[in-house]
Amino acid sequence: MREGPDIARIASLVGDPARANMLNALMGGTALTASELALEAGVSLPTASSHLSKLMEGGLLTLASQGRHRYYGLAGPQVAGMIEAITGVAEAVGPKRVRPGPRDGAMRVARVCYDHLAGEQAVAMLDRLVDKNILVRNDNEIRLGPSAASHFAAIGIDVYTRPRRPVCRACLDWSVRRSHLAGTLGAAILDKILLEKWARREKDSRAVVFSPPGKQAFERVFLS
């Protein structure tokens, strides 16, 4: 037996179609019940419970109780990044399923990836922040530039509010196949977009839909 991480064990957990659908449903950052995840996976509740137990044992999910309800969520940004990366590989080299309608188009433009913005808008934002030297990119590593703290403070974002997590992290975008911004800064930017009502979460979807004025405000702040 080879030493090192057991990739096969994680791959087998993610590779089951029902479990893959459950994990993908949790990519929106919202915790869901077993019943809700059973619907997402297209399986019965007892079958869903068995799948969820395996995902919990594998360290891919967390469980929180509130009253009589139990809510499942992804175990953290590292798990979310893995799902996003696998989706990118499937999009590039895997067999194609029937493409959904307009909602899928909206997902490609902007969507939630666990707790941060993904899609074409997010990739363009990271590119612009790097071009302006606010962020510095070195291969797959992203770090704050010299003016980053003051730049983001001017638009109401404190880059050091959550010190236990990385401030900046590259997350491979499955639809663009280039990186967007994750980490606490990526999460703070998505929070600002929603707080300012520049965009809204589409119901029962990870899609983030900008209003015309909101799109202009986003582009003025992050893309100009």
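These are my notebook entries on a predicted model of one chain.

**Entry: the whole chain**

I began with the overall make-up. The chain holds ten helices and ten strands. I then looked up its radius of gyration, which is 18 Å. The globule rule gives 17 Å for 224 residues, so the chain is as compact as a globular protein of that length. Along the principal axes, the C-alpha atoms fill a box of roughly 50 × 45 × 40 Å. I checked burial too: 44% of the 224 residues are buried.

**Entry: helices 1 and 2**

I turned to helix 1, residues 7–15, and helix 2, residues 17–25. Their axes come within 6 Å and cross at roughly 85 degrees. An angle from 65 to 115 degrees counts as roughly perpendicular, so helix 1 is roughly perpendicular to helix 2. Which residues of the two helices meet? From helix 1 I listed Ser 12, Leu 13, Val 14 and Gly 15. From helix 2 I listed Pro 17, Arg 19, Ala 20 and Leu 23. Sorted by class, this contact has five nonpolar, two polar and one charged residues.

**Entry: helix 7**

I went on to helix 7, which has twelve residues, 120–131. From first C-alpha to last, helix 7 reaches 16 Å, close to the 16 Å expected at 1.5 Å a residue. Which residues of helix 7 are buried? I found Gln 121, Ala 122, Val 123, Met 125, Leu 126, Asp 127, Leu 129 and Val 130. I also looked past the end of the helix. Asn 133 follows helix 7, and its phi is positive, near 65 degrees.

Terms used
Residues numbered from 1 in each chain as written. Predicted model: local features only at pLDDT ≥ 70, side-chain atom pairs only at ≥ 80, totals over all residues. Heavy atoms only, no water. Axes fitted to C-alpha atoms, helices over the stretch in contact; angles between N-to-C directions. Helix = DSSP H or I, 4+ residues; strand = E, 2+ residues; numbered from the N terminus. Parallel < 35°, antiparallel > 145°, perpendicular 65-115°, else oblique. Contact = heavy atoms within 4.5 Å. Nonpolar A, V, L, I, M, F, W, Y, C, P; charged D, E, K, R; others polar. Expected span 1.5 Å × (residues − 1). Buried < 20%, exposed > 50% of the residue type's maximum accessible area, 1.4 Å probe, protein only. Rg over C-alpha atoms; globule rule 2.2 N^0.38 Å.
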